[in-house]
Amino acid sequence: MKTTLSVLVENHPGVLSRVAGLFSRRGFNIDSLAVGTTENPEISRMTIVVDGDEYIVEQVKKQLNKLVDVIKVSKIIPEESVSRELVLIKVDAEPQVRSEIIHIAEIFRANIVDVSRKSMIIELTGDKDKVSAFEELLKPFGIKELVRTGVIAVNRGNKTIKIEEDE
Amino acid sequence: MEISSAEALIRSLEIEGVSVVFGYPGGAILPVYDSLFHSKKIKHILTRSEQAAAHAASGYARVSRKVGVCMATSGPGATNLVTGIATAYMDSVPIVAITGQVATSLIGRDVFQEVDITGATAPFTKHNYLVKKAEDVPRIVKEAFYIASTGRPGPVLIDLPKDVAETRIEFKYPEQVVLRGYKPKTNGHPLQISRAAEAINKAQRPVICAGGGVNSAGAEEELLKLAEKAHIPVATSLMGIGAFPEDHPLSLGMLGMHGTPYANIAVTESDLIIAAGARFGDRLTGRVAGFAPNAKIIHIDIDPAEIGKNVKPDIPIVGDVKLVLAEILKEVYPKQPTEWNSRIAELKKKTISYDRTSRLCPQEVIEALSAKTGGDAIITTEVGSHQMWVAQLYKFTKPRTFISSGGLGTMGYGLPAAIGAKFAKPDKNVINICGDGSFQMNMAELATAVENNLSLKMILFNNRGLGLVRQLQEFYCEKRYSQVHFGFVPDFVKLAESYGIKARRIDSREELDGALDELICEKGCFLLECIVDINENVYPMVLNGSPINEMIGG
């Protein structure tokens with residue numbers, strides 16, 4: 001079972017290694033981890049996709065909360081949120097198949113960001129399923145390189161993940 | 001006026017009320033020791049290895065309920081602290097460890113005595129700091145003491161690079177700690193507390209399992225009141241020993257792998273377990289599926305991550321065990337002794353037995369010591385058979401008088417911890433009980449004890465080997481005894497005498513009484529060596545994978 005967690009952390013050096021270290025030493029599996037600063041430069045937000053049952057996810061949340069640099073851990077509910085991943089794919093594109101690839105990219109609303117004589121780089125944003133479907137369609141042409149950012153997610157509507165300033 | 005941040009560190013420690021620091025100097029921590037040289041408030045105890053400094057800080061912290069402080073230089077100094085820090089982490093002991101670090105410009109270049117100690121200790125510190133800016137020193141010290149001593153206590157490490165330590169700053173100690181990611185919850189949820197009280201009122205066969213949390217929170221009074229109000233028998237974990245007086249009719253002693261038969265059976269038969277500041281460690285529960293199979297479980301712990309980690313509770317309560325027990329107490333009805341109490345009394349007739357007909361055995365030494373001291377001593381132990389016998393047979397009646405490495409099981413803990421304990425309570429008799437295996441791990445600390453005129457008492461069970469490992473090999477390796485017998489052991493009496501420590505060796509029952517009197521009355525240090533048989537096993541014993549009511553020799 002995959003669960004997406006949104007984790008607000010202090011934007012300090014070493015925080016990422018503390019979080020990653022926690023996962024490895026407690027035997028938790030990370031599917032993906034994406035991190036960047038938030039609207040507040042002192043705070044970073046990690047989106048972590050965890051693979052595990054309810055017990056594991058509960059433990060992950062509690063153990064993350066024990067880290068002093070972790071400010072808040074929230075579970076992202078798929079139906080109530082938007083999740084996206086960005087992927088860059090370098091695909092073999094001999095002139096005779098180039099238009100076919102461009103056509104697929106258009107259907108997926110992907111962007112062609114670089115073209116050379118024998119290959120092109122395509123940028124695609126979407127949820128996991130869309131990215132996977134796109135990857136499947138490009139496979140026959142020959143994928144030379146593929147880089148994904150890992151999922152980031154945000155709640156729909158007015159619901160936000162913020163720090164309660166209770167003092 | 002500007003001062004170096006090393007001096008700011010020392011001043012910060014003074015403001016935190018630190019009066020004793022255990023440590024070992026070196027290159028990268030020179031500025032700190034230079035500032036310490038001028039301190040009139042802080043006494044520095046020079047140990048013979050850094051590991052002992054960390055254990056001493058731990059022993060000091062556990063007895064005094066204050067934060068223990070140790071320091072070491074970078075590289076090997078810091079790595080020698082590691083075992084002590086991990087030991088403190090597993091037993092939730094508040095210590096602040098300060099390490100020197102190479103200059104910031106050199107970090108990452110593998111220079112002399114450089115090691116990434118914040119990286120190394122991240123898994124077993126509550127938090128740690130690599131100080132990058134000199135002006136952060138006062139705030140970091142303040143935070144470190146706050147984090148170490150609040151919530152679930154634990155070790156915090158501060159790594160101070162040499163150039164940062166030398167940088168001059170305007171000293172101002174912060175009044176408040178602001179940590180948005182650290183807000184320990186101390187008050188239990190009122191609804192959960194009511195549910196717990198109701199469960200206790202309804203229970204017919206309740207048992208309290210008191211853990212180390214009761215000792216560290218100072219909740220012994222609340223525990224006693226609750227137990228007496230509703231006549232609930234109390235078992236403790238190893239770390240919980242002393243939290244409940246073992247001469248009390250409601251005491252079940254220790255439960256678990258080497259627990260008392262009556263504790264293990266009572267827990268198995270119970271219909272309600274009230275776990276107070278205990279984490280359901282594997283040595284306590286045995287096979288989890290067979291642990292108190294018919295009981296509802298109330299789990300009180302200050303660390304939310306412990307709730308449901310090993311055993312799923314029916315009524316979880318996150319909070320300070322002292323506050324939570326006090327609240328529960330208000331809602332619990334007074335009860336008269338019931339059939340369950342008669343059953344407990346019946347169970348308690350079958351005590352831990354051992355063969356005392358042949359030669360001098362360690363169990364009787366411990367029982368005799370217990371009778372002589374009347375529980376009015378601080379007992380430290382190392383790790384092994386002797387530790388289990390002390391846990392089983394010494395009657396502890398006061399909290400924080402049993403100081404032993406529970407979670408990590410660190411051999412070599414006892415002697416330095418005894419040194420720390422003696423600094424915390426100079427007027428108490430502090431007795432370290434050890435085997436010849438663990439004694440040899442940190443015996444260099446005899447010098448620290450003598451140098452500081454400490455009156456430390458030691459009982460050394462010499463069986464020329466590693467008894468508890470031998471026992472494991474007997475049960476799990478078909479008696480293939482691999483590396484558990486020492487080919488050579490020193491003459492411990494002469495060894496002690498070379499330190500100017502009085503010592504005596506006994507191997508018969510007839511000498512025991514006189515020897516213990518000598519040990520207790522001696523003004524200085526004293527070592528009593530008892531020659532014992534390595535084939536003496538610790539019973540009862542619960543085998544791996546068995547429920548705790550299935551005991552060998554129980």
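A salt bridge is a side-chain nitrogen of Lys or Arg within 4 Å of a carboxyl oxygen of Asp or Glu. This is a predicted model, in which local features need pLDDT of at least 70 and side-chain atom pairs count only at pLDDT 80 or more, whereas totals for chains, interfaces and linings use all residues. Residues are numbered from 1 along each chain as its sequence is written, and side-chain values use heavy atoms, with hydrogens and water left out.

**View 1. The salt bridge of Glu220(B) and Arg400(B).** The two side chains meet at 3.1 Å, N to O. Between domain 2 and domain 3 of chain B the count is one salt bridge.

**View 2. The interface of domain 2 and domain 3 of chain B.** An automatic or database assignment sets domain 2 at 190–347 and domain 3 at 362–531. In contact (heavy atoms within 4.5 Å) are 16 residues of domain 2 and 17 residues of domain 3. The buried area, that is, the accessible area (1.4 Å probe) lost by two parts on being put together, summed over both, is about 1400 Å², and carbon and sulfur atoms give 62% of this. On the side of domain 2, Leu238(B), Glu246(B) and His258(B) lose the most area to domain 3, together 39% of what that side buries.

**View 3. The aromatic pair of Phe280(B) and Phe291(B).** Rings of Phe, Tyr and Trp (its six-membered ring) pair if their centres lie within 6.5 Å, and planes over 60 degrees apart count as edge-to-face. The structure holds eleven such pairs over all chains. Phe280(B) and Phe291(B) are edge-to-face, with 5.8 Å centre to centre and 80 degrees between the planes.

Notes
Chains lettered and ligands numbered in written order. Phe/Tyr/Trp six-rings, centres within 6.5 Å; stacked < 30°, edge-to-face > 60°.
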